[in-house]
Amino acid sequence: MSRSGFKHELFSQFARVCKALASANRLELLELIAQGPRSVEDLAKLSGLNFANASQHLQELRQVGLVRARKEGLRVYYELSGDDVTELLEVLRRVAEHRIAEIEKLVGTYLSTKDDLEPIMAKDLLGRARKGLVTVLDVRPAEEYRAGHLPGAVNIPLAELEGQLNKLPRSKEVVAYCRGPYCVLAFEAVARLRKKGLKARRLEDGLPEWRRRGLPVEVS
């Protein structure tokens, strides 16, 4: 193989990963899988896809090694193939944020209006939580919480938040987090908590980014 042929083949293999990522549906599925192993049925329901479409997207992600699958009984479960996939998604997000003006407009219109306070950084939150200065609130579904969560986090899914406010001491600031930096669950939780008179902020990122930084994660 010639030198130019080698490079062309190499870049063709890189392009397979790019092609797998070139789908809003597959990127959303990756965000969901990053929370912990999920079945095809669950992923289809959470993403709004039908079973066949979800399965096809997942197979494309698997073919380039971004996810792996295992079978339990009649169900197939998917999980990320490694922390480098989370890193890849972070880099993709940062580049897109810096280069595509429409992203800034979307975030400014839809999310910034929901949260006018600076989010807290991961290491700052870890230090404050260890000193007992904050209540860490995980507003993801219970199955995602059980698969992995921040140390000492209280799990109250967003839909149950107003009915379980008694679990949150009013003497401490509440820091909410969910699936990632653009996950609307945490934004909505902070807005609801402030309306009820609690001091609340959100974590800058979500569980996948927390885990990739090597910070401690608990499993229930």
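At what angle do the axes of helix α2 and helix α4 cross?

## Basis

This is a predicted model, in which local features need pLDDT of at least 70, side-chain atom pairs count only at pLDDT 80 or more, and totals for chains, interfaces and linings use all residues. Residues are numbered from 1 along each chain as its sequence is written, and side-chain values use heavy atoms, without hydrogens and water.

## Helices α2 and α4

The axes of α2 (residues 24–33) and α4 (residues 51–63) cross at roughly 80° and come within 10 Å. α2 is therefore roughly perpendicular to α4 (65 to 115 degrees). Axes are lines fitted to C-alpha atoms over the stretch in contact, with angles from 0 to 180 degrees between N-to-C directions. Helices are DSSP runs of H or I, at least four residues, and strands are E runs of at least two, numbered from the N terminus.

## R179

R179 lies in the loop between β6 (173–177) and α9 (184–195). R179 counts as buried because its relative accessibility is 13%; buried means under 20%, exposed over 50% and partly exposed in between, with a 1.4 Å probe and protein chains only.

## Salt bridges

A salt bridge (a side-chain nitrogen of Lys or Arg within 4 Å of a carboxyl oxygen of Asp or Glu) occurs 16 times by this rule. One joins E143 and R38 at 3.2 Å, N to O. E143 in helix α8 (residues 142–147) and R38 in strand β1 (residues 38–39) are 105 residues apart. E143 is partly exposed at 37%, whereas R38 is buried at 5%.

Conventions: Angles under 35 degrees count as roughly parallel, over 145 as roughly antiparallel, 65 to 115 as roughly perpendicular and the rest as oblique.
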